[in-house]
Amino acid sequence: VDQKTNYVLGKPITIATEKDEYLKSLNGVFSKKVHRQLRVLARYAIDGGIAWLYPYYNEQSEFKLAVYAAYEICPIWKDKAHTELESGMRYYSENIINNKGELQTIHRVEHITKSGIDYYIYQGGTLVPEGHSDHIVHDEQGFNWTKLPLIPFKYNSDEIPLIRGVKSLQDALNQVLSDFQNNMEEDPRTTILVLKNYDGT
């Protein structure tokens, strides 16, 4: 995973354009922090087969990017080829302190659509509505993106993680090492160790 991430995103992003104003704006967006986020995105995609990037504006009207792992997002695709999204469901847990001062885990669900985000709490096997918000709020006015702001980054076209291709090899290697260690521990008298270049011999 480290090798593949470094191969793709080992060097910082280089932006070239004839317009200095455009270059300045893009460098403001693709900062060192965003480059680190893209490395995390690549790791998530390699580990899970797919990862997700969510662009948004924070309360200070600054453009930001959020990175979600494959297990956090349940995509609802428009087509079988998985090229266009209808919407997406984000599921995550949050620890809070309740009124009694006890630590409580709340399971939250966000339904992300073109018309905004619907918030729910998953409780007792049902979704309890919590509210709705637009994707962007500026001066108490809501705005939404023209396209669904959930961008998939696939490790491959089949969305299969790296571990599926190498797990059998890793398991076989672990089995060989385990058997060798067991044999060494059970019958050390029949094991010959060859030490090379020890004390000049």
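An open sheet of three strands runs in the order 2-1-10, with antiparallel pairing. This is a predicted model: local features need pLDDT of at least 70, side-chain atom pairs count only at pLDDT 80 or more, and totals for chains, interfaces and linings use all residues. Residues are numbered from 1 along each chain as its sequence is written, and side-chain values use heavy atoms, leaving out hydrogens and water.

Q: What makes strand 1 and strand 10 a pair?
A: Two strands pair if DSSP finds at least two bridges between them. Strand 1 and strand 10 have four bridges, in the antiparallel sense, so they qualify as a pair. Leucine 53 has isoleucine 151, in strand 10, as its bridge partner.

Q: What makes up the largest nonpolar core?
A: A nonpolar core is a set of buried Ala, Val, Leu, Ile, Met, Phe, Trp, Tyr and Cys residues joined through side-chain atoms within 4.5 Å. The largest has 12 residues, among them Ile50, Trp52 and Ile73. Strand 1 supplies the largest share, three residues.

Q: Why is isoleucine 160 called partly exposed?
A: Buried means under 20% relative accessible area, exposed over 50%, partly exposed in between (1.4 Å probe, protein chains only). Isoleucine 160 has 28% relative accessibility, so it counts as partly exposed.

Q: Which residues does isoleucine 160 touch?
A: Contact means heavy atoms within 4.5 Å. Not counting residues up to four places away in sequence, isoleucine 160 touches Gly49 and Tyr155.

Notes
Helix = DSSP H or I, 4+ residues; strand = E, 2+ residues; numbered from the N terminus.
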